[in-house]
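Please keep the sequence and the 3D view open while reading.

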Amino acid sequence: MNQRLSKGVLACLLLLAQLLFVYGVAQEAQFQDEPKDKTVDEVGPHIARLSINGPIGPATADYLIRTSDKARKNGARLFIVNMDTPGGLDAATRNIIQHILASEIPYVTYVTPAGARAASAGTYILYASHVAAMTPSTTLGAATPVQIGGMPGQQEPPSTAPEKSGEEGGDEKAPKEQQEKRAGDSGGAMERKIINDSVAYIRGLALRYGRNADWAEKAVRDAATLTAREALAENVVDLVADNQQKLLQQLPNREVILPDGKQKIAGSIAQLPVVAYEPDWRNELLSLITNPQIAYILLLIGIYGLIFEGYSPGAIVPGVVGIICLLLALYALQVLPTNYAGLALIIVGALLIAAEMFVPSFGALGIGGVIALVIGSVMLIDSDVPGMRVSRTLIGSIAAVSGLALLGFLYAVGRSLHKPKVAANQAMVGRTAVVSEVEPDLLVKIDGEIWRAHCDNLLTEGQLVKVTAEKGLSLQVTPE
């Protein structure tokens, strides 16, 4: 049974290795097709165009910071960041904002194309940018924090609508500002800390550039949203442009605030070429690893790989692939909002399922393992940010496969119980073997096992024989 499991695991691991190899070759080919990095003299002054598409995570921050540093060395005079995001993780968002605020080159964050949004974390980045711009038919807002700065396992902030009359110290005639400051008071102390910290943070960004700080607070407390035209009228963004060309036409001589003070964007900026800096293979690989779905799969491969290596010492491949996948998964989980109770439940569940196969308990261990695996998987990634959660479909598929495997194993055990009992010292009788050696001793092979044998007839290597008797560790055989 161990040999069959090892062969199955080996086949799966080889398939995974082939897929990773093909992915790497494709990425390398794409990388080779792209123009090589040029020196500042070769590129010259230009506008660097970057992009934020999808949820903001560690890979996004790495791409934006590392690529903008490379563009700066290549002669970039302005950064345009095309953005379309539903939000993202707090740590990655703050890293991006700190980088933008410290930049000596202006950042123009442009919510595009039509239908795009700068929700949640995207609103903070938009407020932090030196120039905030949007395309018509785009939106921003809904910046209420979801576990922003919280600990794994913490409850989500409650509804943050202003309290009505009847609360101690307040009434319907209280100033609007006081009512907004009391928003979130119905939650616990931690929720109020999170909300107030986020309000102070986004108000500081708004006041830095003279934008509407009151609406910024409303976006955090009440999850308010605006369209592009409304945002321009409310002094939330600086520009509304139909496309990149019209955006560039509105930038010359615009005053921006940099670390060295107020400066004007050069009048010739619109004449500079725009160079697109797309994510390279390193960013793509980091984005792949830190995807919660991939991290979850790597975690399971790593755990089961080590389990199979433990039960089949010397197989090597399951252990090597298992430890690599487990290390990659742990790296991804330490940058994602991980609930460590969920991680522990997944590990315990996998161990219980494996234990059922070697210490039959008629389903008790296996069923408990599947339940622990499912609960732990649901709890693993503690975030409500779109794209930053483990898919319920994936969890259900893993649970279904584990359950079917458990049922198959229990069915096999049940069938074996109805078979006639055979004495341990007669288990090999009736089996077919292959002669592996004739001299100096007769050796036969059965299912990969080598046995000493005796035969009254002359035999040749490779000949099939039948076991007629078993005496200790020696077999009596006859030619078939």
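In which kind of crossing, left-handed or right-handed, does H3 pass H11? Keeping in mind that this is a predicted model, one finds that H3 passes H11 in a right-handed crossing.

**Helix H3 with helix H11**

- Helix H3, which covers residues 58-73, and helix H11, which covers residues 281-289, have axes that come within 8 Å and cross at roughly 165 degrees.
- Because angles over 145 degrees count as roughly antiparallel, H3 and H11 are roughly antiparallel to each other.
- On the H3 side the contact is made by Pro58, Ala59, Asp62, Tyr63, Arg66 and Thr67, and these residues meet Arg282, Asn283, Leu286 and Ser287 in H11.
- Sorted by class, the residues in this contact of H3 with H11 are four nonpolar, three polar and three charged.

**Helix H5 with helix H7**

- Helix H5 (residues 121-128) packs against helix H7 (residues 189-208) at an angle of about 30 degrees, and their axes are 8 Å apart.
- Since angles under 35 degrees count as roughly parallel, H5 is roughly parallel to H7.
- The crossing in which H5 passes H7 is left-handed.
- The residues of H5 that take part are Thr123, Tyr124, Tyr127 and Ala128, while their partners in H7 are Ser198, Tyr201, Ile202, Leu205 and Ala206.
- The contact of H5 with H7 has seven nonpolar residues and two polar ones, with no charged residue among them.

**Helix H12 with helix H15**

- The axes of helix H12 (residues 292-311) and helix H15 (residues 364-380) come within 12 Å, and they cross at roughly 140 degrees.
- That angle makes H12 oblique to H15, and the crossing of these helices is right-handed.
- Tyr296, Leu299, Leu300 and Tyr304 in H12 meet Leu373, Ser377 and Leu380 in H15.
- In the contact of H12 with H15 there are six nonpolar residues and one polar residue, and no charged residue is present.

**Aromatic rings**

- When the whole structure is searched for aromatic pairs, two are found.
- Tyr201, which is one of the H7 residues that meet H5, also has Arg94 lying over the face of its ring, at 4.2 Å from the ring centre.

**Particular places in the backbone**

- The peptide bond that leads from Thr112 to Pro113 is cis, with omega near 0 degrees, and Pro113 lies in the loop between strand E3 (107-111) and strand E4 (117-119).
- Another cis peptide bond runs from Glu439 to Pro440, where omega is near -5 degrees, and Pro440 lies in the loop between strand E12 (432-437) and strand E13 (443-446).
- Ala142 is a residue other than glycine, and yet its phi has a positive value, near 50 degrees.
- To find Ala142 in the 3D view, look in the loop between strand E6 (139-141) and helix H6 (176-181).

Conventions: Residues numbered from 1 in each chain as written. Predicted model: local features only at pLDDT ≥ 70, side-chain atom pairs only at ≥ 80, totals over all residues. Heavy atoms only, no water. Axes fitted to C-alpha atoms, helices over the stretch in contact; angles between N-to-C directions. Helix = DSSP H or I, 4+ residues; strand = E, 2+ residues; numbered from the N terminus. Parallel < 35°, antiparallel > 145°, perpendicular 65-115°, else oblique. Left-handed = near helix turned anticlockwise from the far one by under 90°. Contact = heavy atoms within 4.5 Å. Nonpolar A, V, L, I, M, F, W, Y, C, P; charged D, E, K, R; others polar. Phe/Tyr/Trp six-rings, centres within 6.5 Å; stacked < 30°, edge-to-face > 60°. Lys NZ or Arg CZ within 6 Å of the ring centre and 35° of its normal.
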